[in-house]
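Please look over the following points on cavities, helix packing and backbone geometry with the coordinates open beside you.

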Amino acid sequence: MLELRDITAGYERRRPVVSGVSLTVAPGESVGLLGPSGCGKSTLARVAALLHRPDAGTVTVDGVAAPGWRHRAPRALRTSFGVVFQQPRLSADPRLRLADLIAEPLRATGRRAQASAAVAELAPAVGLTADLLTRRPHEVSDGQLQRACLARALVLEPRWLICDEMTAMLDASTTAALVAVVEAYRARTGAGLLAVGHDRTLLERWCDRTVRWSDLAGTERVTAPGEGPAAA
Amino acid sequence: MTAPRTTAPPAPVLSVRELSVRFRMRGGHHVRAVSGASFDLAPGSCLALVGESGCGKSVLASALLGLLPGNAETSGAAHLTAADGAPAVELLTADEPLLARTVRGRRIGLVPQSPAAHLTPVRTIRAQLEETVRELGGGPAAPAAGAARGTSAARRPGRRAAREALRAAAERAADRAAFPLDHLDRYPHQLSGGLAQRAASALALVGDARLLLADEPTTGLDRDLVARTVDALRAHADDGRALLMITHDLAAAERIADHVAVMYAGRIVEHADAATFFGTPGPRHPYARGLLDALPGRAFAPIPGLPPELGALPDGCAFAARCPRADARCAVRPEPSDGVACHHPHPGPPPADAPEKSEEKGDRRARTA
Ligand code: SF4
């Protein structure tokens, strides 16, 4: 279970972009979080992935309350999340070949030895051919780079996936292909998913249930803590 | 939507013939980014150029604007005509001063992909609009608003009158893009994504260009913002401009386009009427059909495989490796015929109730009109 409770977060103390939001994702469940751009849903996604410390509220992952965020989060907790962002170019080190990009989390966690086997297994699964793996980000298209970023998110076999507008810049076919990769991974591992986006048709097709940001934030303000509307 | 979609006005604003662009790479080999693209764009109409990233559609746009890097070689022709019978400009051979002075921003209005990157962060929208008006030589005597009455007085103006004319021209441009005038004194970061997009559109409209070129104008916008943004673009077309929208967003294209051109591996593989393309009988080229079927509102099924490298295109049809209809004939590249470049296209519009397809499964649109 991934539980976000009464999260208030932002970048300036007095102007939170998320206030008092609760959201729960059950094990193996896929939840779409639907909202307009700039509404704070990406911030909530970063809080959920332990990448952004909220000003208030708790995140509980499989029964363990996160004691901290970013480098303050225990590695085992951090690595239980795989995260894919909207813009692959902003989240990919331009110096790395795609194979190294995919294996980056293994290297960062001292499992360099597993890198080549993991890449050999994941690359075809995300639809990357061998010749692409030797290229650097500027030598591939956005779609190909996003495929690599998704492989990177899966390489540590996370129990939770957070996809923040993963396909917003991609064409229809690449979108369908990446969603299929995520779903195949979830079918195999039982991982839960929080997919954040603005495309209702996409999220409703993709996820078990879709929560509207306005309902989430709006209702939260008037409901008692502990009764998050998303838990319904 | 019931935008007028059937008119075929006389002279095209833009006429592109056999446009090809290739890049010379290190080691002497070439990347053929665009091959043999031809199309016309009439005033009052919108052509959506669709395809996945890397298919060549942005390179085509850059070629029209003279913004290709130094290692690019172009061939073919692209004529941009003028409303008043002035000579057409051939965009591929025009020199840079001419392009910079009379084409970009003036005869071709540019609606940028990323308004945030296009707007100067430290200056208000009004300041940027006024500067663009000034750069373009005072702006057109647009017939739009009643403010036009004052323009003759502004010709030999005192400084104050000149200021006022400038201000009026900037406000007219904002108004055309439906940018709220009471937000003109804001800075880009104080605007929502939608308003930033409109501010960028306003900049594109300052020169009152007959051709608008919108490069991925909806990337990252929410659905209703997409709708508002493209509806605004459509309104500019309805005012008599020609609109070329380059996009990977098929929903946006469906909403406003009169015609659709689908690019794959540098070629326009299908050029169709938008209503039949998105409706019945649907796309005729297998790639275009696959692209539509990938939409989450349709089959949500990806096209298997990846597009070929533009530097290593096969001799035959570039889609063959991914195509469910490929056979031996496809080893020879199909020439466009009747708007489709395919040896085995799906049936076109006229026989609406003919058996749509025989050998393939799962077509949900196979019903009589
Ligand atoms: S020419 Fe052949 S391979 Fe190419 S799209 Fe048509 S049927 Fe498919």
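1. The second largest cavity is lined by Ala177(B), Gln197(B), Arg198(B), Ser201(B), Arg228(B), Thr229(B), Ala232(B), Leu233(B) and His236(B), and its volume is about 50 Å³. A cavity here is a set of points, on a 1 Å grid over the protein atoms alone, where a 1.4 Å probe fits but cannot get out, and lining residues have an atom within 4 Å of a point. Grid points are joined across faces, edges and corners, and a volume is the space filled by probe spheres set on the points. Helices α6 (193-205) and α7 (223-238) of chain B each supply at least two residues of this lining, with α7(B) giving the largest share, five residues. By class the lining has three nonpolar, four polar and two charged residues, where Ala, Val, Leu, Ile, Met, Phe, Trp, Tyr, Cys and Pro count as nonpolar, Asp, Glu, Lys and Arg as charged, and the others, Gly among them, as polar.

2. Before going further, please note that this is a predicted model, in which local features need pLDDT of at least 70 and side-chain atom pairs count only at pLDDT 80 or more, while totals for chains, interfaces and linings use all residues. Residues are numbered from 1 along each chain as its sequence is written, chains are lettered from A and ligands numbered from 1 in the order in which they are written, and side-chain values use heavy atoms, with hydrogens and water left out.

3. In chain B, helix α4 (residues 125-135) and helix α5 (residues 159-176) pack at an angle of about 110 degrees with their axes 9 Å apart, the axes being lines fitted to C-alpha atoms over the stretch in contact and the angles running from 0 to 180 degrees between N-to-C directions. Helices (H or I, at least four residues) and strands (E, at least two) are DSSP runs, numbered from the N terminus. α4(B) and α5(B) are therefore roughly perpendicular to each other, since angles of 65 to 115 degrees count as such, those under 35 as roughly parallel, those over 145 as roughly antiparallel and the rest as oblique. The contact has seven nonpolar, no polar and six charged residues.

4. In chain A, the axes of α4 (residues 98-108) and α7 (residues 142-154) come within 7 Å and cross at roughly 25 degrees, so α4(A) and α7(A) are roughly parallel to each other. The contact of α4(A) with α7(A) has eight nonpolar, one polar and two charged residues.

5. α7(A) also packs against α8(A), at an angle of about 10 degrees and with the axes 11 Å apart, which makes α7(A) roughly parallel to α8(A). The residues of this contact divide into seven nonpolar, three polar and one charged.

6. Two backbone details deserve a look. Most residues other than glycine have a negative phi, and most peptide bonds are trans. Phi of Glu165(A) is near 50 degrees, a positive value, and Glu165(A) is found in the loop between β7 (160-164) and α8 (172-189) of chain A. A cis peptide bond, with omega about 5 degrees, joins Thr280(B) and Pro281(B), and Pro281(B) is placed in the loop between α9 (274-278) and α10 (286-293) of chain B.

Methods: On a 1 Å grid over the protein atoms alone, a cavity is a set of points where a 1.4 Å probe fits but cannot get out, and a pocket is an open set with protein on both sides within 12 Å along at least five of seven lines; lining residues have an atom within 4 Å of a point.
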